[in-house]
Amino acid sequence: WGAPPAPCRAGGGAMAAGQAGQAGIALVGPAAGAPSCPHGPALLFVKTGRGKEEGRRFYACSACRDRKDCNFFQWEDEKVSETRLAAREEYNRNHQPTFTHRQNVERYKKFVLLPLSKRRFCQECQQLLLPAEWEEHSNHQFLCDISTAQLKSPSQFLYPLENKKTNAQYLFADRSCQFLLNLLIDLGFSRVLSVGTPRLHEMIQSKASQGEDFRVRSLLLDIDFRYSQFYTEDEFCHYNMFNHYFFGGEAAHETCRKFLCEDNGERVILVTDPPFGGLVEALASSFKKLMAMWKEAGKEGQGNKEMPMFWIFPYFFESRILDFFPSFSMMDYQVDYDNHALYKHGKTGRRQSPVRIFTNLTPSMIVLPAEEGYRFCTFCQRYVSSGNQHCEICNSCTSKDGRRWKHCVLCKKCVKPSWFHCNSCNCCALPSHSCEETDSGCFVCGKAGHKRRACPSLSST
């Protein structure tokens, strides 16, 4: 988020367009001593141009790509005056939440003691209200009579932050959330580090409070501080997954470390559902640091194993994710969301959800529901969707989007059913595509043979 000022403004920070190269900007990564905005340490970027040397480096907000949400910007080699530094620190302080996490926990304890008729939630401020605060919110709309069940499912009445450029807070449909939880239990995991998955976390918390037989525990890491109103400091950490920043400082970092490193024969897994506009390089850097925290525990027999992980992301990011996590595989299961117009179960063709589970677990262990049309391919040793037919030439179930793909002999691979081989482009594409000059080369480096999104000259963390 954030971007160079005119005339070189070309995009934003970590969330920008998923692939920074598309905007003529590449991510360099986290940098020691980076300046901070209200969202934590900024990330370092560099402006790129076609066939030219890299341009001037700059810092921009890690969490917002729209300058209206956070306009932080600073050239790497810029000398910032003491006056401007003081003003920045003041700005950062003024943009912190009204209450600390600990204060919110104390407020919650008072709130649950109130009779139902005095439990109010301000929809405008997205805040639980104590009776003494009603007057200052008198012109706002309330939710009244907040039940205990509602308090255990805050995502049901908190407004989803659906600004695609900033939060993209789409929430798992109950079908997908229940499937994920059942899968985790079947796989033997009893601790879940829920990074940006509030609905999965609250389902685990709710079930844990209902019965002694349920032994799964969850720690939620999320940039949405509103959840601090409902969870203790051992259940929620205010966290930015684009720069691996714990807003609660060393205490929150230690909470996460302890959760990962506890070992009473309990297995732990990281489950994450980042905003789909997020830059894969920045996300991968943070996830590797979380995995390193687990690794530092150094449990006997751990060896060179990776911390188990589910990364939930659209299938068209497969190559980017595998660049950073070569041990990962993409599962065919379609993850659905309650508040997304397209990513819902039951749709067909191109309307099916493109969101999948990427994992470093053995694919054959991930059992997908037969009642939803998934079946086990004995050749691939994994569960696949009903439309994903095994290609004998590729020796793989090649479909990515749920439709049956077809093999192109000239391309030597399977392609989407709507694509046809173009002799001018020497590859398969939609019939309506515009043929491009074969010698046009990459937009970033000017060389032929690859597109800008796969350019090896793009800096990575």
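This is a predicted model: local features need pLDDT of at least 70, side-chain atom pairs count only at pLDDT 80 or more; totals for chains, interfaces and linings use all residues.

Student: At what angle do H4 and H5 pack, and how far apart are their axes?

Tutor: The angle is about 65°, and the axes lie 10 Å apart.

Student: Which residues of H4 and H5 meet?

Tutor: On the side of H4 they are Cys 177, Gln 178, Leu 180, Leu 181 and Leu 184. Their partners in H5 are Arg 199, Leu 200, Met 203, Ile 204 and Lys 207.

Student: How do the axes of H6 and H7 cross?

Tutor: Helix H6, residues 249-261, and helix H7, residues 280-295, have axes that come within 8 Å and cross at roughly 60°. H6 is therefore oblique to H7. The crossing of H6 and H7 is right-handed. H6 contributes His 253, Cys 256, Arg 257, Leu 260 and Cys 261 to the contact, while H7 contributes Leu 290, Met 293 and Trp 294. Of the residues in this contact, 6 are nonpolar, 1 is polar and 1 is charged.

Student: How is a pair of aromatic rings described?

Tutor: One gives the distance of the centres and the angle of the planes. In this structure, a search finds 22 aromatic pairs. Among them is the edge-to-face pair of Phe 58 and Trp 75, with 6.1 Å centre to centre and 85° between the planes. Phe 58 belongs to strand S5 (residues 57-60) and Trp 75 to strand S6 (residues 73-75), so that the pair links distant parts of the chain, 17 residues apart.

Student: Where is the pLDDT below 50?

Tutor: For the protein chain here, the mean pLDDT is 84, and 81% of the residues reach 70 or more. The pLDDT is below 50 over residues 1-23, a stretch with 98 contacts in the model beyond near neighbours in sequence. It is also below 50 over residues 163-167, where the model has 16 such contacts.

Terms used: Residues are numbered from 1 along each chain as its sequence is written. Side-chain values use heavy atoms; hydrogens and water are left out. Axes are lines fitted to C-alpha atoms, for helices over the stretch in contact, and angles run from 0 to 180 degrees between N-to-C directions. Helices (H or I, at least four residues) and strands (E, at least two) are DSSP runs, numbered from the N terminus. Angles under 35 degrees count as roughly parallel, over 145 as roughly antiparallel, 65 to 115 as roughly perpendicular and the rest as oblique. A crossing is left-handed if the near helix is turned anticlockwise from the far one by less than a right angle, and right-handed if clockwise. Contact means heavy atoms within 4.5 Å. Ala, Val, Leu, Ile, Met, Phe, Trp, Tyr, Cys and Pro count as nonpolar, Asp, Glu, Lys and Arg as charged, and the others, Gly among them, as polar. pLDDT is the predictor's confidence in each residue, from 0 to 100. Rings of Phe, Tyr and Trp (its six-membered ring) pair if their centres lie within 6.5 Å; planes under 30 degrees apart count as stacked, over 60 as edge-to-face and the rest as tilted.
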